[in-house]
Amino acid sequence: VSISASAYGDFEVEGIAYSIESENEVSVSARGLDEKYSGSIIIPSEVIHQGKTYLVTSIESMAFDNCKSLTEVTIPATVSQIGFSAFDGCTSLINISLPDEIELIPKDCFRSCSNLQNIKLPRKLKSISEEAFVYCTSLQTIDFPNSLQMIEKNAFSQCYSLNNIILPASLTVIPEGCFHGCRNLTNVELN
């Protein structure tokens with residue numbers, strides 16, 4: 001599923017830009033070329049624009065791309081899709097709360113989030129795409145859900161601080177380079 005970015009959203013509410021996806025749904029979008037998100041962001045489950053209530057159901061590709069001052073993001077349970085490179089280059093991101101409805105973490109989603117230390121993946125997650133967490137150099141722990149079926153190549157490449165992982169039994173293949181460059185990874189268990 002591809003979520004395309006629009007030209008910096010259709011409207012903004014409390015500092016967050018949104019694009020209208022349907023009659024009653026919106027996606028979180030980028031703010032603009034020179035306007036980056038920063039600090040702690042709490043995405044609401046719904047927003048009101050011109051008297052109409054919209055459900056927030058997705059985060060567009062590159063919505064938070066290179067927001068170097070973004071430290072924390074809370075995503076509501078209503079969000080079921082995140083676009084590619086959504087948080088790519090968010091070097092100050094320490095904490096992110098992912099809703100259980102997300103089934104796919106797309107390519108480059110958290111690439112180079114060098115301060116992200118821990119992540120609990122969504123309970124319904126089925127697939128982690130190529131290079132989704134590449135260069136998350138501070139990532140120490142990952143809580144993999146039992147629903148996970150596939151991890152693509154280089155998904156966790158260069159995660160230098162990763163030292164212990166427990167993979168679910170539902171995962172049948174560990175692709176080439178999945179944990180390439182994880183020099184401190186000393187224990188891998190299959191649950």
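Reader: What stands opposite Ile20 in S3?
Author: Ile20 stands opposite Val26 in S3. Strands here are DSSP runs of E with at least two residues, and helices are runs of H or I with at least four residues, both numbered from the N terminus. This is a predicted model, in which local features need pLDDT of at least 70, side-chain atom pairs count only at pLDDT 80 or more, and totals for chains, interfaces and linings use all residues. Residues are numbered from 1 along each chain as its sequence is written, and side-chain values use heavy atoms, with hydrogens and water left out.

Reader: What makes S2 and S3 a pair?
Author: Two strands pair if DSSP finds at least two bridges between them. Strand S2 (residues 16-20) and S3 have four bridges in the antiparallel sense, so they meet that definition. Four residues form the hairpin that joins S2 to S3.

Reader: Which strand runs parallel to S3?
Author: Strand S6 (residues 52-59) runs parallel to S3, and four bridges join them. Ser27 has Ser58 of S6 as its bridge partner.

Reader: Why is S3 called mostly covered?
Author: Buried means under 20% relative accessible area, exposed means over 50%, and partly exposed is in between (1.4 Å probe, protein chains only). Four of the five residues of S3 (residues 25-29) are buried. In the chain, buried residues make up 45% of the 191 residues.

Reader: How many helices and strands are in the chain?
Author: The chain has zero helices and 16 strands.

Reader: What makes the chain as compact as a globular protein of that length?
Author: The globule rule is 2.2 Å times the number of residues to the power 0.38, and the radius of gyration is taken over C-alpha atoms. For 191 residues the rule gives 16 Å, and the radius of gyration of the chain is 16 Å, so the chain is as compact as a globular protein of that length. Along its principal axes the C-alpha trace spans about 55 × 30 × 20 Å.

Reader: Why are S10 and S14 said to stand at the edges?
Author: The open sheet of three strands has the order S10-S12-S14, with parallel pairing. Strand S10 (104-105) and strand S14 (150-151) each have a single partner strand, so one side of each is left without a neighbour in the sheet. Two bridges join S10 to strand S12 (residues 127-128). The bridge partner of Leu104 in S12 is Ser127.

Reader: Why does Ser127 count as buried?
Author: Ser127 has 10% relative accessibility and therefore counts as buried, given the cut-off of under 20%. Contact means heavy atoms within 4.5 Å. Leaving aside neighbours within four places in sequence, Ser127 is in contact with Glu103, Leu104, Ile105, Leu148 and Met150.

Reader: Why is Gln158 called buried?
Author: Gln158 has 13% relative accessibility, so it counts as buried. Gln158 is found in the loop between S14 and strand S15 (164-167). Not counting residues up to four places away in sequence, Gln158 touches Tyr135, Cys136, Thr137, His180, Gly181 and Cys182.

Reader: Where is Leu185, and which residues is it in contact with?
Author: Leu185 is found in the loop between S15 and strand S16 (187-190). Leaving aside neighbours within four places in sequence, Leu185 is in contact with Leu162, Asn163, Asn164, Ile165 and Phe179. The C-alpha atoms of Leu185 and Ile75 are separated by 29 Å, with the two residues 110 apart along the chain.
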